[in-house]
Amino acid sequence: MGTGHNVLGRALPRVDSMEQVTGATRFADDLTLPGTLVGRQLLSTHPHALIVGIDTSRAEALDGVRAVITGSDLPITYGILPVSQDENALAVDRVRYVGDPVAAVAADNAEIAERALSLIEVDYEPLAEVVDLEQGLSEDRPLIHGEGSGRNVHRSVALEFGDVDEGFGVADHIREDVFHYSGNTHAALETHCVLASYDASGKLTLWSSTQVPHYLHRSLERVLELPAGRIRVVATPNGGGFGGKTEPFSHEFVAAKLSILTGRPVRINLSREEVFYAHRGRHPVLMWVRTGFASDGRITAMHFRSFLDGGAYSSYGIVSLYYTGALQTTTYQIPNYRFEGVRVFTNKPACGPKRGHGTPQPRFAVECQLDRAAEDLDMDPVGIRLVNAVEPDSSTVNHLRITSCGLRDCIAKVAGASDFTARHGRLPHGQGLGLAVGAYMSGAGLPIYWNDMPQSEVQVKVDRGGGVTVYSMATDVGQGSTTMLATVVAEMLGLQPSDLAMVTADTDLTPVDLGSYSSRVTFMAGNAAVEAAGKVRDRVVRAVAEKLEANPSDLVLADGRVSVAGDPAAGPDWSEAVRMAIATEGPLIESGSYRAPELAGPYKGSGVGISPAYSYSACVAQVRCDADTGMVVVERVWLAHDVGRAINSLLVEGQIEGGVYMGLGEALLEEQAFRGGLHRGPSLLDYKIPTILEMPPVESIIVESVDPEGPFGAKEVGQGPLLPVVPAVANAVHDALGVYIDEVPITPDRVVAALRDLARGGSGRFGPESVPDFDFGTPVRVEPPEGFVAP
Amino acid sequence: MTEQVLSLQVNGVEHRILTADHRTLLEVLREDMAMVGTKHGCDLGECGACTVLLDGRPVLACLVLAVQVAGRTITTIEGMAEDGIPHPLQTAFSEKGAAQCGYCTPAMLLTARALLDEVQAPGPDDIRQALAGNLCRCTGYNKIIEAVEAAAGAQD
């Protein structure tokens with residue numbers, strides 16, 4: 001085979017881009033069927049209350065109302081994690097946050113549906129509310145899940161790897177710092193939408209803007225008590241996901257039930273306000289981190305505590321909790337590490353996974369603290385990171401396997417491009433540079449529910465005209481998974497990505513992929529596609545070699561031909577080659593699959609954080625701050641990302657720039673804020689996301705470490721680039737003004753408060769002073785992995 | 001609830017529809033004319049996803065009543081390509097990676113087109129000002145700016 005690449009790594013347009021730019025892409029809300037009814041949900045107006053009674057009779061009597069349902073119509077609970085099935089599609093007996101769906105209607109049009117909602121009478125008996133961490137840990141508040149009063153602790157964890165006391169014992173310098181990372185939300189431009197249709201044959205079809213059609217399929221089977229074979233889920237192109245559509249949602253069950261009851265299609269499109277309540281976004285996390293350093297900057301021990309305000313339901317919460325402690329060790333060699341964390345329930349919209357899931361918060365804490373340790377030790381930010389940076393092909397103390405690792409290269413690239421060392425600490429007052437790094441998983445090592453089947457399957461079918469169709473349940477949420485699959489298959493077969501037909505994200509038509517979450521699709525579906533396309537290629541090569549009486553290893557697939565190396569005109573074109581393969585061995589349909597290697601360590605909770613590969617990022621942010629107003633303007637960002645290998649460099653750059661953008665929003669603007677149990681502003685006017693005016697130029701630098709197990713060496717890029725952005729901005733603000741803003745978002749009032757403190761002779765710090773006194777219990781001691789070498 | 005028969009000029013074609021007075025241009029385009037390329041993002045004029053051109057100027061279709069625009073010229077994304085040939089902006093958005101999920105894209109394109117119709121060679125600041133009301137949550141905007149600049153160059 002030839003060694004050059006046909007299309008890999010090129011900056012080609014998305015395969016679906018002409019549909020996008022002509023308005024032809026069909027999102028869920030764009031689909032309609034004859035007789036489609038409008039579904040709407042009635043939301044709780046109380047943060048915490050018992051439902052004493054619901055009277056739907058007036059709504060049912062309204063002309064044009066086809067069905068009205070309440071919690072008792074959908075009594076079976078669900079939840080994305082098998083261990084925490086604590087949600088009902090509509091509240092049963094109790095509401096747990098303002099926005100909790102209570103009842104639903106299907107009507108002939110939106111006006112009638114809205115009118116019907118206003119006619120439903122709910123009799124609430126309010127309960128004391130639990131709206132923050134402190135109240136969640138209090139003994140005397142009512143339990144949100146359960147009877148009586150007590151601490152609303154969802155889950156706590158205490159793990160120790162190595163010997164932390166010994167590590168602190170040998171430290172020359174120890175720092176303790178406290179940070180808070182505010183909660184924020186995905187705010188995808190497309191609101192969640194579903195169209196459900198229960199047909200005369202008894203088959204239910206859902207077209208939904210979901211990132212996880214497979215998990216939704218399973219949840220519908222459970223809640224509706226229908227056989228899986230009678231349910232079809234089609235994930236429509238998501239108008240942005242970012243983790244906000246990564247679990248089954250109330251409206252999906254409700255629309256299905258309403259369609260079953262009425263025999264007509266039902267669409268529910270959440271309003272913008274409802275999306276803020278559906279949420280599942282970034283957890284607010286309070287963090288305390290104590291780190292010991294040797295005099296040369298090497299970390300000797302780290303003790304990390306996190307406190308998560310989880311909102312009203314579990315969602316991915318247990319996983320989110322563990323993620324706040326799992327990946328600290330993927331960037332720095334930490335020889336002794338203790339992690340303690342707790343997640344509480346509160347009467348607010350449930351938090352869950354948002355781009356970076358549980359890891360931007362600790363990354364903010366660790367990277368800010370590291371800069372301070374560097375100051376204490378008279379080192380520079382680059383130096384302290386390089387002295388601690390993990391090495392390729394190593395193990396972490398908490399049993400994560402590191403293979404390819406471009407961290408040092410990423411640091412060198414952003415430092416060089418930004419002239420960091422020469423300029424950091426030397427810019428005029430009000431201007432500053434900040435550096436930070438991060439790492440992220442290329443797919444969670446384990447599926448969400450235990451099973452020993454592949455995590456991704458791909459099928460490639462070739463017709464007699466040479467047309468290639470790729471079948472995969474991978475769901476395009478804008479990240480370009482369909483283009484990635486097309487590129488991988490095209491590369492294998494010597495075709496162009498745009499030549500292929502792509503059938504994706506449909507539980508009837510496509511083999512399983514677990515979904516677009518945990519940055520798993522390129523690595524897992526990509527590898528499955530390589531295997532499937534490789535089998536097709538092998539068959540075609542075999543048939544052509546026989547015909548040409550050539551050695552199969554001398555054949556090259558390129559430019560739509562199969563030819564002998566060095567003689568491109570000699571062989572058949574692709575379609576002729578395909579016919580040879582079908583004639584000799586029958587239908588040309590092949591499949592491939594991927595399952596991650598077994599990576600879990602010997603302790604409970606070790607399933608979180610393991611991944612077949614980690615991406616690496618480094619970021620430098622340059623800011624200009626107004627010392628009078630506290631306004632922070634990010635002027636420029638450099639971001640280097642080790643993606644293993646870029647399958648499409650244009651899309652990789654797009655993910656880097658999008659990650660930088662989202663990180664900047666979290667650093668400076670975004671907060672899912674509440675007054676008691678009431679959202680302060682469930683709209684895009686009040687919840688401010690960066691516009692084009694706030695976005696600085698970004699220099700994206702692609703680093704290719706060529707992962708040994710990734711498809712063509714590729715790793716993830718969807719989430720990792722966000723991680724270092726937030727602490728890079730915080731560190732830059734310190735460089736600019738000398739203040740420490742230990743709470744994001746870094747808003748003008750916080751900057752001004754810190755500057756005033758500095759002017760009064762204080763430390764110039766804004767942030768939480770302490771963390772609650774919570775008994776995590778004796779940590780579970782875990783020996784480092786065999787062969788672990790403490791630095 | 002009163003209803004009216006309206007005549008709307010959409011993408012050069014006259015459409016006669018019967019609609020209630022309170023319905024928005026967005027609802028009429030999507031529900032009555034099946035032109036679903038115009039997107040619904042917030043219904044409150046916050047996100048810009050429903051932008052269409054009214055007599056060549058960008059407006060938010062969720063804040064305009066259909067009855068207000070009777071007889072006026074409306075351009076939607078479905079009318080942006082002419083004779084099947086994509087507008088240079090459409091080609092540039094595709095080639096430069098200016099669309100990721102694609103949800104804000106139709107509105108971005110129409111807003112950018114209104115800019116290019118007015119300013120032949122806009123600089124980055126002109127582009128930023130013109131697109132400041134169109135939110136995008138995926139791209140970080142820079143590739144959108146590049147695409148508009150490229151399209152402006154291609155138009156010369």
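**Entry 1: β8 in chain A**

I opened this predicted model at β8(A) and found it paired in the parallel sense with strand β31 (residues 743-744) of chain A, over two bridges. For a landmark I noted A:H180, whose bridge partner in β31(A) is A:E743.

Next I looked up another partner of this strand. Strand β8 (residues 173-181) of chain A runs antiparallel to strand β13 (residues 285-293) of chain A, and nine bridges join them. Here my landmark is A:I174, which has A:G292 as its bridge partner in β13(A). A reminder to myself: strands of a sheet pair through backbone hydrogen bonds, either parallel or antiparallel.

**Entry 2: the sheet in chain B**

Over to chain B, where I traced an open sheet of five strands with mixed pairing. I wrote down the order as β2-β1-β5-β3-β4. Which strands stand at the edges? They are β2 (13-20) and β4 (57-60) of chain B; each has a single partner strand, so one side of each is left without a neighbour in the sheet. I also jotted down the twist, which averages 40° from one strand to the next.

I then zoomed in on one pairing within chain B. Strand β3 (residues 51-54) and strand β5 (residues 73-75) of chain B run antiparallel and are joined by two bridges. To find the spot again, I start from B:L54 and look for its bridge partner in β5(B), B:I74.

Last stop for today was helix α3 (residues 105-118) of chain B. I see this helix lying across β3, β4 and β5 of chain B, and its direction is at about 35° to β3(B).

Key: Residues numbered from 1 in each chain as written. Chains lettered and ligands numbered in written order. Predicted model: local features only at pLDDT ≥ 70, side-chain atom pairs only at ≥ 80, totals over all residues. Pairing = 2+ DSSP bridges. Helix = DSSP H or I, 4+ residues; strand = E, 2+ residues; numbered from the N terminus. Axes fitted to C-alpha atoms, helices over the stretch in contact; angles between N-to-C directions. Contact = placed C-beta atoms within 7 Å.
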